[in-house]
Amino acid sequence: MQPTIDIHTHAFSPKIADRVLQQLADTYSIAPAGSGLLDDLRRHLDAAGIDKAVVHNAATRPAQVMPANNWAIQVQTSRPGLYSFGTIHPEYADWEAELNRLESYGIHGLKLHADFQGFDLADPRLESVFAALEGRFVVMLHVGNEQPPDRSPSSPHKVARIKRKFPDLNLIAAHFGGYLHWPYVVEQYRDLDIYIDTSSSLDFISQSDLEAIFNTIPRDHICFGSDYPLYRPAETLQQLGSRLNLSDLQIKQLLTNANPLLAAWDAHDAER
């Protein structure tokens with residue numbers, strides 16, 4: 001039986017958790033549902049009946065790349081049932097060595113959050129990074145914001161261009177493919193091998209956009225994500241099932257769709 005997975009969570013060192021949660025609350029005007037600590041994440045996963053989770057972080061400055069990845073490595077190597085994605089920044093000079101370091105610890109994914117990290121997904125400096133990641137790392141992209149797509153650092157249009165240029169790049173477009181950019185998701189991702197997740201969307205997306213995306217993106221390319229600590233996984237699951245009238249079997253499929261993407265982590269653990 002395949003494990004169930006929340007592909008989009010965040011957890012922080014106790015030294016910074018309170019500060020990060022305050023920043024999240026200020027940015028999104030949402031009171032976080034969790035503390036952002038690893039033990040609390042585990043409690044929320046257990047309450048939702050979810051076996052495993054992916055933990056993300058993003059370096060907002062080049063100097064944060066190694067500390068952020070050190071935390072990812074700590075989580076990856078000390079917390080069974082949690083997968084870590086690392087981070088990189090286009091201004092970080094030694095990114096190739098950092099990718100090798102992440103791989104050596106069994107980390108085979110990166111999270112890029114152009115809005116928070118202060119770059120644009122169309123930045124030409126990222127092309128060599130994407131070329132190095134192609135066929136090697138899974139990449140979770142934050143997509144969308146209040147700006148129109150042509151002015152946004154991240155948009156479905158830019159994700160689609162990346163995928164067309166790097167067809168072997170395993171991409172996950174967060175937030176049902178593009179937060180507040182949902183009217184463009186179907187037209188941009190149609191016929192492209194792009195995964196999406198369900199995180200941080202259900203309170204904002206219209207029913208028509210939700211159904212159009214859910215009924216167009218291949219069902220096995222839609223992965224459950226809660227965006228803990230902003231949201232509780234159990235409540236996100238309930239809301240998702242209610243809005244889309246999903247059966248238990250359909251919910252189970254969403255919860256297991258991420259397994260093929262995470263196979264490299266499991267293979268590395270098996271070799272240890």
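Modeller: This is a predicted model. Leaving aside neighbours within four places in sequence, Asp6 is in contact with Leu45, Ile50, Lys52, Ala53, Val54, Phe224, Gly225, Ser226 and Pro233. Asp6 itself lies in strand E1, residues 5-10.

Biologist: How do you know that Asp6 has no salt bridge?

Modeller: A salt bridge needs a side-chain nitrogen of Lys or Arg within 4 Å of a carboxyl oxygen of Asp or Glu. For Asp6, the nearest side chain of opposite charge is Arg42, 9.5 Å away, so the buried Asp6 has no salt bridge.

Biologist: What makes the approach of Asp6 to the backbone nitrogen of His8 a polar contact?

Modeller: That nitrogen lies 3.1 Å from a polar atom of the Asp6 side chain. The limit for such a pair of N or O atoms is within 3.5 Å, so the distance of 3.1 Å meets it.

Biologist: Why is the pair Arg42 and Asp46 called a salt bridge?

Modeller: Their side chains meet at 3.0 Å, N to O, and the cut-off is within 4 Å, so the pair qualifies. Both residues lie in helix H2 (residues 38-48), 4 residues apart, about one turn of the helix.

Biologist: Why are Arg42 and Asp46 called partly exposed?

Modeller: The term covers what falls between under 20%, which is buried, and over 50%, which is exposed. Arg42 has a relative accessible area of 25% and Asp46 has 48%, so both are partly exposed.

Biologist: Why does Glu98 count as buried?

Modeller: Its relative accessibility is 3%, and buried means under 20%, so Glu98 belongs there. Glu98 also forms a salt bridge with Arg101, with the closest N and O atoms 2.7 Å apart. The two are 3 residues apart in helix H4 (residues 95-104), about one helical turn.

Biologist: What makes Arg136 and Glu103 a salt bridge?

Modeller: The closest N and O atoms are 2.8 Å apart; the cut-off is within 4 Å, so the pair counts. This pair links distant parts of the chain, 33 residues apart: Arg136 is in the loop between helix H6 (126-133) and strand E5 (138-141), and Glu103 is in helix H4. Arg136 is partly exposed at 28% relative accessible area, and Glu103 is partly exposed at 23% relative accessibility.

Key:
Residues numbered from 1 in each chain as written. Predicted model: local features only at pLDDT ≥ 70, side-chain atom pairs only at ≥ 80, totals over all residues. Heavy atoms only, no water. Buried < 20%, exposed > 50% of the residue type's maximum accessible area, 1.4 Å probe, protein only. Lys, Arg positive; Asp, Glu negative; His and termini not counted. Polar contact = N/O pair within 3.5 Å; in protein donor to acceptor, adjacent residues only side chain to side chain. Contact = heavy atoms within 4.5 Å.
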